[in-house]
Amino acid sequence: MATVLNECYLSMGIPSRVITCMPKTYINDCHVINAVYSSTLGKWLWIDPTNNAWVTDEQGNLLSVEEVRARLRNGQPVQVNEDANWNNEKKTTTEDYLYEYMAKNLFYLESWTRYGFNTESDREKLINYIFLQPTGCDSEERNPRNYSVNDDRYFWQAPQQAKTD
């Protein structure tokens, strides 16, 4: 769902990235969301197509993935939209979605280094990933052509604007 939504945003000219949210130890569960860039707000917003969810602060301001992670770490309030639900089948709450499910899946994040149309199925170009990991996290098992960083600013930098004549 995140791949399809990513391509929908891209087709409208809105920068979007697929973000895989990973737990510290992967057993059989992670979660994939979108980060959609708002040039007005100057940040990548949390958009989850599986749960029809976005996250806000206590004033209702949309939050980025980076802000949600920081707020969860620091015990600051976050809330999911009132009509969030899993696959249009089951309503979810802030407690269930953010504090129980997503908190464990935000240990490290991964994204493609190139996000554009057909990235996932383009067999002619290898998909490289960038991992945002805590300092000291062992990444030796990762493919050497991928990048591993612990700098939030680098991982979440604004998209480069296409140059036009």
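This is a short tour of a predicted model, stop by stop, for your viewer.

Before you click, note that residues are numbered from 1 along each chain as its sequence is written, and that side-chain values use heavy atoms, with hydrogens and water left out. Because the model is predicted, local features need pLDDT of at least 70 and side-chain atom pairs count only at pLDDT 80 or more, while totals for chains, interfaces and linings use all residues.

**Stop 1: helix α3**

Select α3 (94–102). Helices here are DSSP runs of H or I with at least four residues, strands are runs of E with at least two, and both are numbered from the N terminus. Which residues of α3 are buried? Colour Thr-94, Tyr-97, Leu-98 and Met-102. Buried means under 20% relative accessible area, exposed means over 50%, and partly exposed is in between (1.4 Å probe, protein chains only).

Now look down the axis of α3: these buried residues fall within an arc of 100°, so they line one face of the helix. (The arc is that of the directions from the helix axis to the C-beta atoms.) An α-helix has 3.6 residues a turn, so residues three or four places apart point the same way.

Next, show what they pack against: β1, β2, β3 (43–48), β4, α2 and β5 (79–80). Contact here means heavy atoms within 4.5 Å.

**Stop 2: salt bridges**

How many salt bridges does the structure hold? There are five. Each is a side-chain nitrogen of Lys or Arg within 4 Å of a carboxyl oxygen of Asp or Glu. Side chains of opposite charge can pair when their charged atoms come close.

Select Lys-104 and Asp-29, whose side chains meet at 2.5 Å, N to O. Lys-104 sits in the loop between α3 and β8 (108–112), and Asp-29 in the loop between β1 (16–22) and β2 (31–38), so the pair ties together parts that are 75 residues apart in sequence. Lys-104 is partly exposed at 37%, and Asp-29 is partly exposed at 24%.

Then pick Lys-91 and Glu-82, with closest N and O atoms 3.7 Å apart; both residues are exposed. Another pair is Arg-153 and Asp-151, at 3.8 Å. Arg-153 is exposed at 68%, whereas Asp-151 is partly exposed at 32%.

**Stop 3: a nonpolar patch**

Finally, show the surface and select Leu-41, Trp-54 and Leu-62: together this nonpolar patch has about 260 Å² of accessible area. Patch residues have over 30% relative accessible area and no salt bridge, with like charges joined within 9 Å and nonpolar side chains (Val, Leu, Ile, Met, Phe, Trp, Tyr) within 5 Å. Areas come from the Shrake-Rupley method with a 1.4 Å probe; for residues, only the protein chains shown count as cover.

Zoom in on Leu-62, in the loop between β4 (53–56) and α2 (65–74). Leu-62 counts as partly exposed, at 33% relative accessibility.
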